[in-house]
Amino acid sequence: MVILSIITGSLSCGIIAILSAKLIRFASGEKSFSGWTSAWWGAIAAGFAMIHPLMWSQSVVCEVYSLAIFLQAIFWLVLLNLLLALEIKDEKIIFINSFVLGIATGLIVSHHIGGAAILIVPVVIAVTIRPVKFAFMLIRFFAGFVPGLLFYLYLPLRSAMNPALDWGNPENPTNFINHVTALQYGKYLFGTPQNEFMLRIKDFPWETY
């Protein structure tokens, strides 16, 4: 699992480099930045991500956040490709990226419920698109989004096998809903008195992060 964190953290930096290079050309106009110039800026952006203490700390431990960053980086790259395709009206690229964006979003949501906020982004962009075109894009998006959520179906199956680690025991409907919606975290997030919570924040070893 630590090796998986290392791999996904490394791949995230590579995707950030590509995304940053494309984004700077898209935002400034291709005439202002050549391919090589934008590539260097992309490498610099990825370099900052690579050496950032938070990114580094989460890429060398057994945690969920390195994979989360990887999925988020894919999402933003695919989204940018979709926006570029809409600019040039390339229907084939629009079709492919709408579907891939759905897959990436589904995986983000099934990986960690906190990633569900990413759904706001496609909605905001969708309102700027003509209704007919948006309807076709939405169908393609959900065609990818729904399969990404199917990982949730594995939870009750694996939980029923009584594994050593079985957080929330999601093998019955109540526990499954509590697990998927993160209600089981409520006592940790909202069950701590304010004074104690502030003391925990103060005593937390932030310098290690």
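Helices (H or I, at least four residues) and strands (E, at least two) are DSSP runs, numbered from the N terminus. With that settled, I looked up asparagine 81 and found its place in helix 4.

**Entry 1: ground rules**

I noted that this is a predicted model, in which local features need pLDDT of at least 70 and side-chain atom pairs count only at pLDDT 80 or more, while totals for chains, interfaces and linings use all residues. Residues are numbered from 1 along each chain as its sequence is written, and side-chain values use heavy atoms, with hydrogens and water left out.

**Entry 2: the whole chain**

I counted the secondary structure of the protein as 11 helices and 0 strands, and the pattern along the sequence reads α-α-α-α-α-α-α-α-α-α-α. The C-alpha trace spans about 55 × 45 × 35 Å along its principal axes. Of the 209 residues, 33% count as buried, where buried means under 20% relative accessible area, exposed means over 50%, and partly exposed is in between (1.4 Å probe, protein chains only). I then looked at contacts, which means heavy atoms within 4.5 Å: among those between residues at least 6 apart in sequence, 66% join residues at least 24 apart.

I returned to asparagine 81, which is buried, with a relative accessible area of 18%. Leaving aside its neighbours within four places in sequence, asparagine 81 is in contact with Lys22, Ile93 and Asn97.

Leucine 77 is also found in helix 4, and it counts as buried because its relative accessibility is 15%. When I set aside the neighbours within four places in sequence, I found leucine 77 in contact with Ile15, Ile18, Leu19 and Lys22. I also noted leucine 23, which is 54 residues away from leucine 77 in sequence and 8.9 Å away in space, C-alpha to C-alpha.

**Entry 3: helix 4 against helix 5**

How do the axes of helix 4 and helix 5 cross? I found that the axes of helix 4 (residues 65–88) and helix 5 come within 9 Å and cross at roughly 160°. For this, axes are lines fitted to C-alpha atoms, for helices over the stretch in contact, and angles run from 0 to 180 degrees between N-to-C directions. The angle makes helix 4 roughly antiparallel to helix 5, since angles under 35 degrees count as roughly parallel, over 145 as roughly antiparallel, 65 to 115 as roughly perpendicular and the rest as oblique. The crossing of the two helices is left-handed, which means that the near helix is turned anticlockwise from the far one by less than a right angle, whereas clockwise would be right-handed.

On the helix 4 side, the residues that meet helix 5 include Leu71, Phe75, Val78, Asn81 and Leu82, and on the helix 5 side they include Ile93, Asn97, Leu101, Ile108 and His111. By class, this contact has 17 nonpolar, 6 polar and no charged residues; Ala, Val, Leu, Ile, Met, Phe, Trp, Tyr, Cys and Pro count as nonpolar, Asp, Glu, Lys and Arg as charged, and the others, Gly among them, as polar.

I checked the length of helix 5 (residues 91–111) as well: at 1.5 Å a residue, its 21 residues should span 30 Å, and its end C-alpha atoms are 30 Å apart, which agrees. The expected span of a helix is 1.5 Å times one less than its number of residues. Among the buried residues of helix 5 are Ile94, Asn97, Leu101, Gly102 and Val109.

**Entry 4: helix 1 against helix 2**

I found helix 1 (residues 2–28) and helix 2 (residues 35–51) packed at an angle of about 135°, with their axes 7 Å apart, and the two are therefore oblique to each other. Helix 1 passes helix 2 in a right-handed crossing. Among the residues making the contact are Cys13, Ile16 and Arg25 of helix 1, with Trp41, Gly42 and Met50 of helix 2. By class, the contact divides into 12 nonpolar, 4 polar and 1 charged.

Which residues of helix 2 are buried? I listed Ser38, Gly42, Ala46, Gly47 and Ala49, and these buried residues pack against helix 1 and helix 3 (53–58).

**Entry 5: two asparagines in a loop**

Asparagine 162 is found in the loop between helix 8 (154–159) and helix 9 (173–180). Its phi is near 55°, a positive value in a residue other than glycine, and asparagine 162 is exposed, with a relative accessible area of 58%.
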